[in-house]
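Good morning, everyone, and thank you for making the time. I would like to walk you slowly through one structure, so please take a moment to look at it with me.

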Amino acid sequence: MAKKTGDQWVQNGARLKAWFVMRRDLMTSGKLAVQIGHGTDYIHMWGGANPHYADWLNASVGNRRKIVLGAKSEDELNKLAQDCVAKGMFCTLIVDAGLTEFGGVATITGLVVHPHPDSDIPKSLKRAQAWKDIWLTKTELVA
């Protein structure tokens, strides 16, 4: 990543970001929002173990950047998680309890990749597509 002139968010050639990779085959927009919220909770719960967490929280360094990406399946999430761990990144699978959707069955809905410099992410995460609303399969029209 090239450093932009005057870009205060670039530290040592990289920006700190968190990534939310969400399954695009199974949830409503409301469920998506809540699952990303759970992922943010995981970032804070495990922040003490992540050497980048304090800088990510520091508005003059990290700016708490968050990126939402889409995955086709649970298998794709698991592969991304393996690739991120191999690069030394912290990540957590997001599991919904199934209380309001998914028929009462605990379901993996996404992956949160905890704050990390964007310069050393795995190729598979770089190739993941940005989230698109057209992937929501259970949208409802509001009159």
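Which residue in β2 does V21 stand opposite? Before I answer, please keep in mind that what you see is a predicted model. The residue opposite V21 is L69 in β2, and these two belong to a pairing in which strand β1 and strand β2, residues 65-71, run parallel and are joined by 7 bridges. Strand β1 also has a partner in strand β4, residues 107-117, but here the two strands run antiparallel, and 6 bridges join them. In that pairing, L16 stands opposite P117 in β4.

Let us stay with β1, which covers residues 16-23, and ask how many of its residues are buried.

Now let me turn to the aromatic rings, where the structure holds 1 aromatic pair. The ring centres of Y53 and W56 lie 6.5 Å apart and their planes meet at 35 degrees, so the pair is described as tilted, since stacked would require planes under 30 degrees apart and edge-to-face over 60. Both residues sit in helix α2, residues 53-57, and because they are 3 residues apart, about one helical turn separates them.

Are Y53 and W56 buried or exposed? Y53 has a relative accessible area of 14% and W56 has 1%, and since buried means under 20%, Y53 counts as buried, and so does W56.

Notes:
Residues are numbered from 1 along each chain as its sequence is written. This is a predicted model: local features need pLDDT of at least 70, side-chain atom pairs count only at pLDDT 80 or more; totals for chains, interfaces and linings use all residues. Side-chain values use heavy atoms; hydrogens and water are left out. Buried means under 20% relative accessible area, exposed over 50%, partly exposed in between (1.4 Å probe, protein chains only). Helices (H or I, at least four residues) and strands (E, at least two) are DSSP runs, numbered from the N terminus. Two strands pair if DSSP finds at least two bridges between them. Rings of Phe, Tyr and Trp (its six-membered ring) pair if their centres lie within 6.5 Å; planes under 30 degrees apart count as stacked, over 60 as edge-to-face and the rest as tilted.
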